[in-house]
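Keep the coordinates open as you read.

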Amino acid sequence: MTSLKSTTAVGTADARDSERKTIQRVYPLTPLQQGLLFHHLTTTGGDPYLASRSYRFATRFHLDRYLRAFQDVMRRHDILRSSLRWEGCEEPVQVVWRVVSLPVEEIALQGDEGIMQLTSRLRQLRIDLRMPPLVRAFISKDNDESWILQMVFHHLVYDQAAWQIIRDEIEAFLLGTGHLLPVPLQFGDFVEHVRSQSADHEHEIFFRALLGDVDQTSTPFQAGQGYCDDTEIVEARRPVTGDLATRLRTCARGLDISPAIIFHQAWAQVLARICAQDDVVFGTVLYTGSRHSEGGHSRVLGPLINTLPLRIKIDDIGAETAVLRTRNLIQDLRRHQHASLASAQRCSRIAPPEPLFAALFNYRHSRGPATGGASTKGCAWDGILAESVHERTNYPLTFIVDDFGENFELISQVRGALEPERLCTFMQRGLEQLIDALEFTPQRPIRELDVLPGAERAQVIEKRNATEVEYPQELCIHDLFEAQAERTPEAVAVVYEGEELSYWELNARANRIAQELRNLGVGPNERVGICVERGLEMVVGILGVLKAGGAYVPLEPGYPIERLSYMLEDS
């Protein structure tokens, strides 16, 4: 067990002795927690890894009853009585306190949109990780005399599976049967078990084979590669029900795989299209308690997840073979589920601070829609209504699939420049194409499967390419450009990586190039080589050659010198 050193240079010996008596246990962080702590310490403003759940209570009596039940749950689980220490420690540790009270703060609301006001406050909230617990409760009295509760959890102590345990135990205490709950397994025991099974050398071998030649982040559209805060994120949801959900599960059973494998494959196809790559890397969220369920760790309360990279190629192999290859990749990844993301990234050619991936995929099993009621046991939850759930990461794109046992829900959370509804549409189309191939043409190359729905395909291919327009047949392109420059001299003519030229500026610079070329003897039937990187200067050069009366020969700077020499001689 890791020892805790003093974190302050002041304070009396009595105070330190008192602290030791109130500390129950100290143990290290999991790899996921280490990453979350890093993001907490390196970001300003609101913490990106806070989650909230909001409820409405008929009376203050119902609210107080619920808070007492949650306090009872806190007494059972070490992770809910924990804080973090890192200053003055050999490595960051989590400290379990013997007695911790849930902080409850009453907030005065304005107007009728109480839940929205509480959620907007969440965007700027930071929890002091050094003070237990890493949970907060905010309560407000609404206009109709009901009460609103927002429970805020840091992901250092919480995930979706943890909430399901908390909900079950709250229900037991509300029913008066909390004393019948089994003695809980503690998160600290799980961490020590994981560390005893550590295999860093094996992790490195695996991730070097998986990522050793990766030198480019798979970046969706123009979402950027950097991390973002919650204020930039927008969300969309779409159910997957009926025939598609049934066919998907039937295909999974026929291949003896989990539906999660099919969703991972479909997501790789979507990501490949929106990144314009055929070899993509994205983060996948793994439930790390599953391999320890025999010892009861599946019921440990704590963040039993880890985020690791998955690399999938969209190539010429058949759809069924591709899905089985993805199954094998995920099975291999699970053998290294306790590796840290930082160590995995070190095995690639992408050096921090550039992220290894910009898109996160999370397939999770849920009991019901996130905004649904709390339980079927009405007597426990009388007077209590579940209102909303708020969960975010700081990746520019997070795609979540909730598996409800029969149906599914797609959740797209993206940086504002993207369109989350389109991503849900792409994913549904990708699923339809993949299921069609698995059912009828399993040997069809995975590269041929599309993610564009029919309406958008028609928009992109037909409507946007309907560019027929009348123009003077006797004029050359540079003549047409000069006429436009006279009409709109101040309008932007060309933009590249934040730089721009107006029509007047572009025309003037091209004229200077044309004059120089004419002085060198360029005229009709003369060819001029242009060897320059793509950018403003390339456009200026091309237009200048045309104005001089010559023809330009494009020479790609990245070509081998032998190839460029041949092109010059041949021209």
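Which residue of β13 does His 365 stand opposite? His 365 faces Asp 403. The model is a predicted one.

β11 and β13, residues 397-403, pair in the parallel sense. Seven bridges join them. These strands belong to an open sheet of six, with mixed pairing. The order is β8-β14-β13-β11-β9-β10. β8 (233-240) and β10 (305-313) stand at the edges. Each has a single partner strand, so one side of each lacks a neighbour in the sheet. Neighbouring strands are turned by 20° against each other on average, direction ignored.

Now follow β9, residues 279-287. Towards β10, β9 runs antiparallel, and nine bridges join the two. Towards β11, the pairing of β9 is parallel, over two bridges. There, Thr 284 has Phe 361 of β11 as its bridge partner.

Look next at how β11 is placed. This strand spans residues 359-365. Six of its seven residues are buried, so β11 is largely enclosed by the rest of the structure.

Turn to the aromatic rings. The structure holds 19 aromatic pairs. In one of them, the ring centres of Tyr 66 and Trp 381 are 6.2 Å apart. Their planes meet at 55°, so the pair counts as tilted. Tyr 66 lies in helix α3 (residues 60-76) and Trp 381 in helix α12 (residues 378-381), so the contact ties together parts 315 residues apart in sequence. Tyr 66 is buried, because its relative accessibility is 0%. Trp 381 also counts as buried, at 5%.

A further pair returns us to the sheet. Phe 282 and Phe 361 sit edge-to-face, 6.3 Å centre to centre, with 75° between the planes. Phe 282 is in β9 and Phe 361 in β11, so the pair links parts of the chain 79 residues apart. Phe 282 is buried, at 0% relative accessible area. Phe 361 is buried too, also at 0%.

Tyr 66 and Trp 381 are also members of a cluster linked by ring pairs. Elsewhere, a charge meets a ring: the charged end of Arg 60 sits over Trp 147, 4.7 Å from the ring centre.

Finish at an exposed site. Glu 490 lies in the loop between α15 (477-487) and β15 (492-496). Its relative accessibility is 68%, so Glu 490 counts as exposed. Glu 490 and Trp 504 are 14 residues apart in sequence, and their C-alpha atoms are 6.4 Å apart.

Note on methods
Residues are numbered from 1 along each chain as its sequence is written. This is a predicted model: local features need pLDDT of at least 70, side-chain atom pairs count only at pLDDT 80 or more; totals for chains, interfaces and linings use all residues. Side-chain values use heavy atoms; hydrogens and water are left out. Two strands pair if DSSP finds at least two bridges between them. Helices (H or I, at least four residues) and strands (E, at least two) are DSSP runs, numbered from the N terminus. Axes are lines fitted to C-alpha atoms, for helices over the stretch in contact, and angles run from 0 to 180 degrees between N-to-C directions. Buried means under 20% relative accessible area, exposed over 50%, partly exposed in between (1.4 Å probe, protein chains only). Rings of Phe, Tyr and Trp (its six-membered ring) pair if their centres lie within 6.5 Å; planes under 30 degrees apart count as stacked, over 60 as edge-to-face and the rest as tilted. A charge sits over a ring if NZ of Lys or CZ of Arg is within 6 Å of the ring centre and within 35 degrees of the ring normal.
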